[in-house]
Amino acid sequence: MKSVIPGVLRDEPQFARLFIGQSLSVLGDRVSFVAVPFAVLSAGGSASDVGLVAAAGLVPTLLFTLVGGVWADRFRRHRIMLLSDLVRFASQGLLAVALLTGVAGVPAFVLLMAVFGTADAFFMPASTGLLPLVVAPDRLREANALRGFVQSSGLVLGPALAGGLIALAGPGGALALDALTFAVSAAFLARLSPRETEPGTGRTSTATTFLGELRAGWTQVRSRTWVWSGMAAIAVYHVVVLPSVFVLGPVLAEREWGGAASWSVVVAAFGIGSVVGDVCAYRLTIARPMALAAAALAVASCQAVIIGSGGSVALIAILEGVTGVAVSLFFVLWETALQTHVPEAALSRVSSYDYLLSSGLMPLGLTLAGPVSEALGVRPTLYAMTVIGVPAAIALLCVPQVRRLPAAPHAPDGTVPHAAPQAALP
């Protein structure tokens with residue numbers, strides 16, 4: 001009888017340890033995604049406070065992501081991740097205690113989320129670099145597929161669990177569970193024994209200083225029109241569109257939809273769509289991946305108008321499921337294009353600029369979403385987000401290099417090399 005356990009988990013014990021710990025952490029993050037906005041509101045915060053707290057968790061990305069990338073190349077990556085998990089366990093645990101004891105206020109939310117975000121900024125680049133050290137080269141694609149599948153599945157399970165926890169134990173109980181998942185993840189990371197990597201490998205220039213390496217990475221970005229134009233479109237998505245999900249969606253749900261339970265249904269529907277999008281992205285053969293990615297980004301950018309449409313919760317959930325498919329398609333195709341067409345030696349630095357221009361700039365939109373909605377109204381603000389976001393994605397599709405980028409680079413003889421076999425999703 002064929003085993004139901006994916007082969008990469010059976011054959012790669014180090015990856016299995018990393019995968020189990022990170023899967024639980026993803027579940028906790030999805031719970032926190034739903035719980036934090038309602039925790040702020042339950043503590044007497046306003047729509048502006050929800051945006052401020054969300055921004056506090058993301059501002060450190062702007063400040064420390066590039067530093068985290070350098071550190072991840074200088075020190076043992078799994079130890080950086082372990083320390084990050086312990087810091088996030090402490091910050092979420094303190095916030096949960098403050099909520100459960102009734103002493104939480106907006107300043108405490110801002111401070112502890114800033115600590116959380118700082119640890120997160122160091123965790124992300126270390127995590128990206130660790131995977132090749134715990135998985136054989138011919139299993140990397142399978143490992144990445146499995147991780148992506150779990151992350152999308154967490155969007156379904158996490159909100160459902162969050163809704164139940166908030167109903168039973170309040171937002172503080174939900175955040176306590178999130179804190180516990182970081183402790184479990186740290187325990188698995190402490191048992192990792194990744195392969196060693198030679199320090200200093202992967203340089204694309206003779207620069208040895210921090211700024212010199214960053215400049216070399218930026219040269220890789222600006223020399224490719226499809227890369228910098230894609231990053232610009234992603235920045236618009238994160239700054240303009242995503243605040244509708246992080247800030248205004250929960251506010252509208254609290255005022256008109258009945259609270260956290262209804263919002264959990266919408267987020268779970270988005271998660272189901274994301275799972276479908278992951279399966280489609282890994283199953284389909286796509287000749288022009290960035291063209292499809294740009295079209296998918298245009299669909300994903302409709303989230304704001306869907307949330308503000310005034311439709312029933314069921315209709316909004318269905319439409320958000322469609323955007324979930326589009327979001328997964330876009331990010332899988334975008335990341336695959338970077339991995340395929342950017343030199344491996346510069347890939348981490350190019351990706352760090354991607355993080356910086358997306359998550360790093362998101363606090364700007366999160367901070368402005370609340371005050372703008374209070375001045376213009378929630379629904380007009382949501383409509384304006386769509387009017388800006390969708391044309392930006394369409395502009396990306398109009399870039400010739402985006403439309404023409406092939407799935408694989410051409411070999412010197414003009415042919416397209418055969419890609420490695422695609423791993424099956426579980």
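**Exercise 1.** Describe how the axes of helix H8 and helix H14 are arranged.

Solution. Helices here are DSSP runs of H or I with at least four residues, and strands are runs of E with at least two, numbered from the N terminus. Two packed helices are described by the angle between their axes and the distance between the axes. The axes of H8 (residues 225–241) and H14 (residues 347–358) come within 8 Å and cross at roughly 30°; axes are lines fitted to C-alpha atoms, for helices over the stretch in contact, with angles from 0 to 180 degrees between N-to-C directions. H8 is therefore roughly parallel to H14 (under 35 degrees; over 145 is roughly antiparallel, 65 to 115 roughly perpendicular and the rest oblique). On the H8 side, Val 227, Met 231, Ile 234, Ala 235 and His 238 make the contact, and on the H14 side Val 350, Tyr 353, Asp 354, Leu 357 and Ser 358 do so (contact means heavy atoms within 4.5 Å).

The model is predicted: local features need pLDDT of at least 70 and side-chain atom pairs pLDDT 80 or more, whereas totals for chains, interfaces and linings use all residues. Residues are numbered from 1 along each chain as its sequence is written, and side-chain values use heavy atoms, leaving out hydrogens and water.

**Exercise 2.** Classify the ring pair of Phe 15 and Phe 19, and state whether these residues are buried or exposed.

Solution. The whole structure contains 9 aromatic pairs, that is, rings of Phe, Tyr and Trp (its six-membered ring) with centres within 6.5 Å; planes under 30 degrees apart are stacked, over 60 edge-to-face and the rest tilted. For Phe 15 and Phe 19 the centres are 5.7 Å apart and the planes at 35°, so this pair is tilted. Both residues are buried (under 20% relative accessible area; exposed is over 50% and partly exposed in between, with a 1.4 Å probe and protein chains only). Because they are 4 residues apart in helix H2 (residues 13–42), about one helical turn separates them.

**Exercise 3.** Classify the ring pair of Phe 330 and Phe 331, and name the cluster that contains these residues.

Solution. The ring centres of Phe 330 and Phe 331 are 5.0 Å apart and the planes stand at 80°, so the pair is edge-to-face. Phe 330, at 1% relative accessibility, counts as buried, whereas Phe 331, at 24%, counts as partly exposed. Ring pairs join Phe 330 and Phe 331 with Trp 226, Tyr 237 and Trp 334 in a cluster.
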